[in-house]
Amino acid sequence: MFKILARWSALFAVAMCSLAAPAQAQEAIKVVYHMSEGIPQASRAINNIRNHLNADPTAKIVVVTHGLGIDFLLDGATNQMEQPFAGAIGELAARGVEFRVCNNTLVSRKIDASKVAMEAKIVPSGVAEVARLQAREAFVYLRP
């Protein structure tokens, strides 16, 4: 009797593991792109994020900016070739990418919040947001 119960227990454990595996495999990878260096970094990041989403369309991507990293999210921002960032921001937002801007940076640089792209959300602190996403929401950290 004990052998029969042990076999059933083992079969049940295998069955439960095989049921749980597909759910884990389908869970989206969560990534925070940390940006603080200005326009050249933003240009790299836009390309990295496009490539990332092309390889993994299910990825959950949040871009957190502070310091000079907010510049590409301000009205009229252009890349090194004078091409506006607005189209790329809109395209990525339509693909589910979230953009977050540090309020501390806005205050210290005396930038009105109305100058921030409509796709972006203002958070109290960029660095605190990066830390929160990593520690509490299990986001992977990337710095383009």
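Predicted model: local features only at pLDDT ≥ 70, side-chain atom pairs only at ≥ 80, totals over all residues.
Six bridges join strand S1 to strand S2, and the two strands run parallel.

In general, the strands of a sheet pair through backbone hydrogen bonds, in either a parallel or an antiparallel manner.

The protein chain contains five helices and five strands. Read from the N terminus, its elements follow the pattern α-β-α-β-α-β-α-β-α-β.

Some totals describe the chain as a whole. Of its 144 residues, 38% count as buried. The chain exposes about 8600 Å², of which carbon and sulfur atoms supply 62%. Among contacts with a separation of 6 or more, 71% are accounted for by residues 24 or more positions apart.

In soluble globular proteins, nonpolar side chains tend to be buried together. The largest nonpolar core here has 29 residues, and Ile-61, Val-63, Phe-72 and Phe-99 touch the most other members. The elements that give two or more residues to this core are strand S1 (30–35), helix H2 (39–55), strand S2 (60–65), helix H3 (86–94) and strand S3 (98–102). Helix H2 provides the largest share, six residues.

What does Ile-61 touch, not counting residues up to four places away in sequence? The list consists of Val-31, Tyr-33, Ile-49, His-52, Leu-53, Gly-96, Val-97 and Glu-98. A second, separate core has six residues, including Val-32, Val-130, Leu-133 and Phe-139.

| Residue | Location | Relative accessible area |
|---|---|---|
| Gly-69 | loop between S2 and H3 | 1% |
| Arg-100 | strand S3 | 9% |

Why does Gly-69 count as buried? Its relative accessible area is 1%, and a residue is called buried because its value falls under 20%. Leaving aside neighbours within four places in sequence, Gly-69 is in contact with Met-35, Ser-36, Glu-37 and Gly-38. Gly-69 and Pro-40 are 29 residues apart in sequence, while their C-alpha atoms are 9.4 Å apart in space.

Arg-100 also counts as buried, at 9% relative accessibility. The side chain of Arg-100 makes a polar contact with the side chain of Glu-98, at 2.4 Å. Which residues does Arg-100 touch, when residues up to four places away in sequence are not counted? They are Val-62, Val-63, Val-64, Thr-65, Lys-121, Val-123, Glu-129, Arg-132 and Leu-133. Among these residues, Val-63 is one of the members that touch the most others in the largest core, whereas Leu-133 belongs to the second core.

Technical notes. Residues numbered from 1 in each chain as written. Heavy atoms only, no water. Core = buried A, V, L, I, M, F, W, Y, C linked by side-chain atoms within 4.5 Å. Buried < 20%, exposed > 50% of the residue type's maximum accessible area, 1.4 Å probe, protein only. Helix = DSSP H or I, 4+ residues; strand = E, 2+ residues; numbered from the N terminus. Contact = heavy atoms within 4.5 Å. Areas by Shrake-Rupley, 256 points an atom, 1.4 Å probe, with all protein chains shown as cover. Pairing = 2+ DSSP bridges. Polar contact = N/O pair within 3.5 Å; in protein donor to acceptor, adjacent residues only side chain to side chain.
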